[in-house]
Amino acid sequence: MNKAVKWMLVIAGSLVALIVIAVIVLPMVIDVEKYKPQIEQQVAKATGRSFKLGGELKPSIFPWIGVRLSDLHLGNPSGFKEKDFVSVASFEVRVKLLPLLSRNIEVKRFVVDKPVIVLEKRKDGKGGWEGLGQPAEKPAAPAQKTPAPSSTGDLPIKGLLVGEFAVTDGLIVWLDQAAGVRKEIKDIDLVLTDVSFDKPIGVAFSALADQKPLKLDGTIGPVGDKPGKRPLPVDLALNLLNQLDVTLSGSIDPSVAPPTFDLAVNVAEFSPRKVMDQMGQKLPLETSDANVLNAVAVSLKLKGSPENVVVSDGKLKLDDSQATFSAQASDFDKPNLKADLNLDGIDLDRYLPPPTNEKAGADSPQKPSADPSVKKTDYTPLRRLVMDTRVKAGELKVKKARMQNLEVRVSARNGIIQLDPLKIDLYQGSMAGTGTLNVQKEKPTTAIDLALKGIQAGPLVKDVMAKELIEGAMAAEIGLNFSGDTPDRIRQTLGGKGDLRFTDGAIVGIDLASMVRNVQTAFGMAQEPSEKPRTDFAELHLPYTISNGLFKTEASRMASPLLRVLVSGTADLAKETLNFRVEPKFVATIQGQGDTAQRTGIQVPVMVSGSFASPSFTPDLKAILGQQLGQPLPDKEALKKMVPSKDDAGKMMQEGVKGLLKGLGNQ
């Protein structure tokens with residue numbers, strides 16, 4: 001028995017010795033170079049492209065079975081300027097032989113050195129990557145399809161272990177012959193460490209994209225012995241341009257359809273200005289303040305699938321502003337969007353474009369082109385949109401107006417976009433409103449309702465217009481509606497009604513009490529006052545209606561202890577013409593108006609006509625002559641002094657109006 005065992009061991013040892021000798025000797029005695037043409041032919045047949053092995057073919061068998069190839073070239077189809085689609089300086093792979101018998105793969109080296117991929121697009125739009133894998137010759141008639149064999153999804157291997165996996169000094173070139181554009185991603189290095197089923201795989205990637213640095217580091221996995229059958233952990237850090245750092249951690253689950261993800265995303269504070277400058281690009285918007293967009297940071301949780309994305313725990317820093325947000329998006333063909341934003345405060349004036357020196361319409365209002373060839377707005381995306389967005393802001397500044405406690409909700413469904421509610425506190429008062437935009441038809445319709453309470457008009461006008469025009473507490477009910485999306489169409493269809501009321505205030509820049517006493521004061525013929533003129537009032541009430549662009553008021557009035565002013569008439573917003581009558585009436589002495597002097601004179605009703613750009617103010621001479629004012633009618637000589645001749649009236653009124661408007665414009 002012992003003798004038999006001895007002989008079996010001798011035989012086994014001899015076989016192992018023969019295998020070792022064969023493994024060592026065979027690569028030396030077999031000329032593998034003669035197989036290169038066959039390899040080139042088979043690759044060309046499989047890809048439909050020319051293929052060439054320019055370097056030596058160096059195999060190894062034991063203990064690592066492997067091969068080293070160099071100077072590989074996979075060609076482009078005919079008609080392309082670049083000869084190669086892919087080229088590789090060298091490629092080496094070595095796999096341990098004996099573990100293969102137990103379905104375990106141990107890779108010593110998998111290294112690709114200096115790979116070059118050229119993505120060329122011809123002027124006719126065809127890309128060099130198209131048709132890859134199709135045989136060059138005409139394919140035979142397709143064979144009858146047979147059912148694919150069933151699979152449990154298990155890998156045909158039990159284990160995987162890779163010692164070295166690297167792609168070094170790679171290059172990707174994009175060539176667009178039609179646009180004359182060439183882009184490069186070069187110095188591509190990819191190193192994977194701890195490549196196995198049961199450990200996280202280390203990833204280290206770096207490249208230069210058009211000379212701009214890009215880095216990706218972190219881990220992926222472990223993938224498990226059944227890849228794709230369980231969530232895949234990821235923990236990655238991305239650096240762009242040495243300016244922008246993004247971290248991504250969580251998991252991706254490819255085991256369900258569609259795949260799902262649960263990730264935490266963090267974008268460290270960075271400067272968009274510096275990033276764009278590093279890329280050689282300008283910011284897409286020009287801001288009034290060159291110091292904004294210099295500090296931005298974002299963090300959020302991202303969960304869902306390619307069909308439904310949920311954003312939660314969002315935090316945003318935008319320069320001096322802080323915000324929290326959440327969002328959800330689904331049905332991306334519509335899409336269906338939900339979002340909530342809570343902002344502590346922001347000065348939007350800093351982010352708006354800087355003011356221009358051009359005075360549009362200084363000579364005459366510019367009308368939009370009526371060219372029928374101008375493309376109409378396509379509202380199809382808005383008709384599909386489903387949206388529910390809420391925004392809150394503690395403080396807000398826009399167009400120099402300061403507001404607090406903004407609350408707004410914007411919703412959209414079936415082509416109807418609603419603004420409800422809109423709430424703002426401003427200048428010791430508040431504004432609330434609703435709005436609706438209907439784009440179900442070709443021409444959109446819009447309706448707006450606003451309610452204002454207790455707003456101090458003086459500070460508001462001074463902040464927004466940098467002028468002192470009116471003071472007092474303002475309250476208003478405003479309703480507007482119109483159709484169309486061009487200025488002309490909006491003016492022509494504008495309708496609605498409203499009621500504006502100012503209390504305990506003043507009109508700054510005009511002294512109506514003096515203007516209505518006599519013609520000379522009213523139309524700029526008297527000496528200019530040393531102090532800024534003003535007209536105090538207890539109440540200024542402006543009710544109005546608008547129909548098809550025609551503004552109409554019948555009972556606008558201003559009331560003060562000494563003066564009543566009634567205004568009636570119309571303004572055509574489409575034609576930009578005026579037709580008003582301003583009728584002043586004294587009800588007491590001048591006491592209380594800031595002037596103790598007793599004055600006399602004729603009250604002057606005024607007709608306002610002309611255009612918005614060039615209004616005309618004309619005294620109602622008939623009404624002047626009919627007034628008694630508790631005094632005898634002046635004699636002929638006195639009347640000549642108070643009322644200009646017909647020939648001089650136009651010049652006097654023209655000069656007076658210019659002076660009045662100039663005074664208002666300089667406030």
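**Ground rules.** I number residues from 1 along each chain as its sequence is written, and side-chain values use heavy atoms, with hydrogens and water left out. As the model is predicted, local features need pLDDT of at least 70 and side-chain atom pairs count only at pLDDT 80 or more, while totals for chains, interfaces and linings use all residues.

**Rings.** I looked up the aromatic pairs and found four. Here rings of Phe, Tyr and Trp (its six-membered ring) pair if their centres lie within 6.5 Å; planes under 30 degrees apart are stacked, over 60 edge-to-face, and the rest tilted. Trp-129 and Trp-174 have ring centres 6.0 Å apart and planes at 35 degrees, so I noted the pair as tilted. Trp-129 is in the loop between β5 (104–121) and β6 (159–176), and Trp-174 is in strand β6, 45 residues apart. Strands (E, at least two residues) and helices (H or I, at least four) are DSSP runs, numbered from the N terminus.

Next I checked accessibility: buried means under 20% relative accessible area, exposed over 50%, partly exposed in between (1.4 Å probe, protein chains only). Trp-129 is partly exposed at 34%, and Trp-174 is partly exposed at 29%.

I then turned to Tyr-544 and Phe-551, a stacked pair with 5.3 Å centre to centre and 20 degrees between the planes. Tyr-544 is buried at 11%, whereas Phe-551 is partly exposed at 24%. I also found Phe-91, Phe-110 and Phe-165 in one aromatic cluster.

**Charges over rings.** My criterion was NZ of Lys or CZ of Arg within 6 Å of the ring centre and within 35 degrees of the ring normal. Arg-122 has its charged end over the ring of Phe-80, 4.8 Å from the centre. Arg-49 lies over the face of Phe-85, at 5.4 Å from the ring centre.

**Salt bridges.** I got 23 of these, each a side-chain nitrogen of Lys or Arg within 4 Å of a carboxyl oxygen of Asp or Glu. Arg-350 and Asp-320 meet at 3.3 Å, N to O. Arg-350 lies in the loop between β17 (336–347) and α4 (380–384), and Asp-320 in the loop between β15 and β16 (321–330), so the bridge ties together parts 30 residues apart in sequence. Arg-350 is partly exposed at 22%, while Asp-320 is exposed at 65%.

Asp-388 and Arg-409 form another salt bridge, at 3.0 Å, N to O. This one links strand β18 (residues 386–398), which holds Asp-388, with strand β19 (residues 401–413), which holds Arg-409. Lastly, I noted a salt-bridge network linking Glu-92, Arg-94, Arg-109 and Glu-164.
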